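Open the model in your viewer and keep the selection panel at hand. The stops below run from one whole chain to single residues.

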Number of protein chains: 2
Amino acid sequence: MRVIILNTGTELLLGDEQDAHLAFIAREIFPLGLRITERRTVPDGEAIRDTVAELFSRAEILFVTGGLGPTTDDITREIVADVVGLEMYQDPQLLTSLRRRLAARRIKWTSRIARQADVPAGAQILPNENGSASGLYLKANINPRIPSPHLFLLPGPPRELQPMFRASVMPFLRSFVQVSGSIEQRLYKIACMGESTVEEAIGEKVLAVPGIELGYCARPGEVDVRIIGKSDAVSRAEAIIKTQLGPSIFSGTEESLEEVIVKLLTARHETLGVAESCTGGLLANRITNVPGASKVFVAGYVCYANQAKSDMLDVDPKLIEKHGAVSEPVARALAEHARVCARSTFALATTGIAGPTGGSPEKPVGTVYIALAGPGEIVAKKLFFPSDRETFKQLAVQAAFDLLRRNIIGT
Amino acid sequence: MRVIILNTGTELLLGDEQDAHLAFIAREIFPLGLRITERRTVPDGEAIRDTVAELFSRAEILFVTGGLGPTTDDITREIVADVVGLEMYQDPQLLTSLRRRLAARRIKWTSRIARQADVPAGAQILPNENGSASGLYLKANINPRIPSPHLFLLPGPPRELQPMFRASVMPFLRSFVQVSGSIEQRLYKIACMGESTVEEAIGEKVLAVPGIELGYCARPGEVDVRIIGKSDAVSRAEAIIKTQLGPSIFSGTEESLEEVIVKLLTARHETLGVAESCTGGLLANRITNVPGASKVFVAGYVCYANQAKSDMLDVDPKLIEKHGAVSEPVARALAEHARVCARSTFALATTGIAGPTGGSPEKPVGTVYIALAGPGEIVAKKLFFPSDRETFKQLAVQAAFDLLRRNIIGT
């Protein structure tokens, strides 16, 4: 089915607000075999009218988001009723529940708020548990004289749209969507390999499987490979991907590298400390984003200044003087001492030059050493990530996490 | 002018990837008097062809993002050349610079990468400083037989697109866009105030200024207020905003709170250390994202486990036992000891319950204490941010940074 999202809102096109609806709706409807075939974003006002009218001939399911609020620029309801050729009426039940809602919140009643109780004749109301703007569902061709798709009008704020979508939109979709059930999707997350290297390893072989769709998505230090197809094609493609990429695949779900690490360490009752110079807290921050991180993460030493490396982790100032703070011996010392100080099973360390300044001919911006101390030998790696500061930090963190992951699983 | 963005990428419609281009481009082109009038998102493949062809009659400037990479699903170049009716040729200079780029990064050369040197005849190349996919500019009606808008093909990754846009796209836009010069835009960033509180303070008064457009954008711990209008209207609105919000405004530019802090500390030759429990490294990470942070940031103690609070910062275990790790006395001790250990002018500390577990009736999930030690008295604050884990961390960090900022500027 042709499924189109129309996001309305001048603020979206001014770039003030990120649209979160596409990602949410795409994932919700995927199990029904539905995919979003197009997304449009238009400003408030007459552009909505033109676009809604145009999309009537293209969409079979149309989600319109935004413009259901009480303010003067919220005119989606009226425009849609007009295009579909339906009268508006004030829904008395909706009016009552609006009054009750505002009273409970001690918000003053205004005539503008009452507009939110106006609905096109025949529309079904989608209750909003988290705001005053109800959603609306107009079934396909609700006005026999005007062809139209299944039409859902949804509120703009994600925290209102999302529960409404799950509670009220999904049941309607299920009522008229034939779930084929045969199309499957798989995701493989690969650490520390470039997109072109990944493609070289799997691209041709996977695309030789009839009926498979293959997509890549590259992030700093990570490539997501997605295959879509019928069950048997997906199985064949999966076998190829697993053979070719093996332990470079760190996850077959949406799990992040840090989630994988927290899970691995938790299962083994092992712990982690980190010593960060160039990554400046990003290692610790990403690990502590994972719920339950406190079971495995003990301490992070963000020893940014050279003095701090000695003060916090007792790194010999002479070692720093001899090799420089950005060097393998210092990386090793940081990891080793962090492991002792944190009393943890493992410790990761990073030291490098994030830039934009601080590089030299022999240690240019982008140079980084990572080290891992654990029950076995200390291992260290020199890497080179010439990029902007934040990407550099992310690449270094991915490399450090992957070093730990591979060490734990023994590959 | 009708300015349209076409985002291409199956991954965008599957919801795997957020589109960051709209927001960036909207802000860049605003000073030229340009606004984005529509944004479309379509999957890779033939949908690109249909949409590009359709948009030729609607757009005067068309930005197409994505699909310029080396993989088989990157076919934007070819589709556009086809629709515009231009031959593709291999650009020898581009090929040479691609080879050089890959050699410098020690990445293996593959024939697929060479595809990135294919360009439509007459197109101008937009160099990519941060990736291998060059952008392309095709001037309006480049093929006299086929009407077309000014057409920019841009790479998908934001860190590649953004510098390219500033360096290479803007000069082309300036060459053919008449800048009216009379419309101005101002941005005010406000810390630690809710959107509705900000609106209550300024909304009615600002909107009473004729010809002013007012927009809000709420992020965790931050509200951006944007006004747009003619010069005199903007000046009047600005006076109102400054009177009403005063020192709550931390920036009148795109600067982040951490950039403001690094700037303030740098100017005063002062330094900062942080002790983080519940924020788990986010304070350090955000400060070290700022280029030049090493001038002011000394050390971060991510003392996640209770033991680490004593080991790293010598917090008396009895203090923790008596008051709990999440308490004002412990927050104060962390800040005080971090300042001593880091030998810094200031130290910030956080301790709280990020959740989803770990709460209790008297200290529910969302409870956080922040403290600041400096040359004056130690100050501490108890706050409550009942939200998801990452939002909680961001809110706590915003509150801590703002405490420091206000302390430095004395408000």
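This is a predicted model: local features need pLDDT of at least 70, side-chain atom pairs count only at pLDDT 80 or more; totals for chains, interfaces and linings use all residues.

Start by colouring chain A by domain: domain 1 covers 3–176, domain 2 covers 183–251 and domain 3 covers 257–409. These bounds come from an automatic or database domain assignment.

Residues are numbered from 1 along each chain as its sequence is written, while chains are lettered from A and ligands numbered from 1 in the order in which they are written.

**Whole chain A**

Switch to cartoon. Chain A has 15 helices and 17 strands. Both are DSSP runs numbered from the N terminus: helices are H or I with at least four residues, strands are E with at least two. The radius of gyration of chain A is 27 Å, well over the 22 Å of the globule rule for 411 residues, so the chain is more spread out than a compact globule. That radius is taken over C-alpha atoms, and the rule is 2.2 Å times the number of residues to the power 0.38. Along the principal axes, the C-alpha atoms of chain A fill a box of roughly 85 × 55 × 45 Å.

Now colour by burial. Of the 411 residues of chain A, 49% count as buried. Buried means 20 or more other C-beta atoms within 10 Å of the residue's own, exposed means 12 or fewer, and partly exposed lies in between, with C-beta atoms placed from the backbone.

**The two chains together**

Chain A superposes on chain B by a rotation of 180° with 2.4 Å of shift along its axis (RMSD 3.0 Å). The same surface serves both copies, since 81% of the contact residues of chain A recur in chain B.

Select the contact next: 58 residues from chain A and 60 residues from chain B. On the side of chain A that touches chain B, 26 are nonpolar, 16 polar and 16 charged. Contact here requires C-beta atoms, placed from the backbone, within 7 Å.

Which strands pair across the two chains? Pick strand 14 (residues 297–303) in chain A and in chain B; they pair in the antiparallel sense over 5 bridges. Pairing requires at least two DSSP bridges between the strands. Zoom to C303(A), which stands opposite A299(B) in strand 14 of chain B.

**Helix 4 of chain B**

Select residues 76–84 of chain B. This is helix 4, with 7 of its 9 residues buried. Among the buried ones are I79(B), V80(B) and V83(B). Step past the helix to G85(B), where phi is positive, near 75°.

**Backbone stops**

Most residues other than glycine have a negative phi, and most peptide bonds are trans. Go to P356(A), in the loop between strand 15 (346–352) and strand 16 (367–373) of chain A. Its bond with G355(A) is cis, with omega about 5°. In chain B, the bond from G355(B) to P356(B) is also cis, with omega near 0°.

Finish at R343(A), in the loop between helix 14 (328–342) and strand 15 of chain A. Phi of R343(A) is positive, near 55°. R343(A) is partly exposed, with 15 other C-beta atoms within 10 Å. In chain B, phi of R343(B) is near 55°, again positive.

How values were computed. Copies are superposed by least squares on the C-alpha atoms of residues with pLDDT of at least 70 in both. Two residues are in contact if their C-beta atoms, placed from the backbone, lie within 7 Å. Ala, Val, Leu, Ile, Met, Phe, Trp, Tyr, Cys and Pro count as nonpolar, Asp, Glu, Lys and Arg as charged, and the others, Gly among them, as polar.
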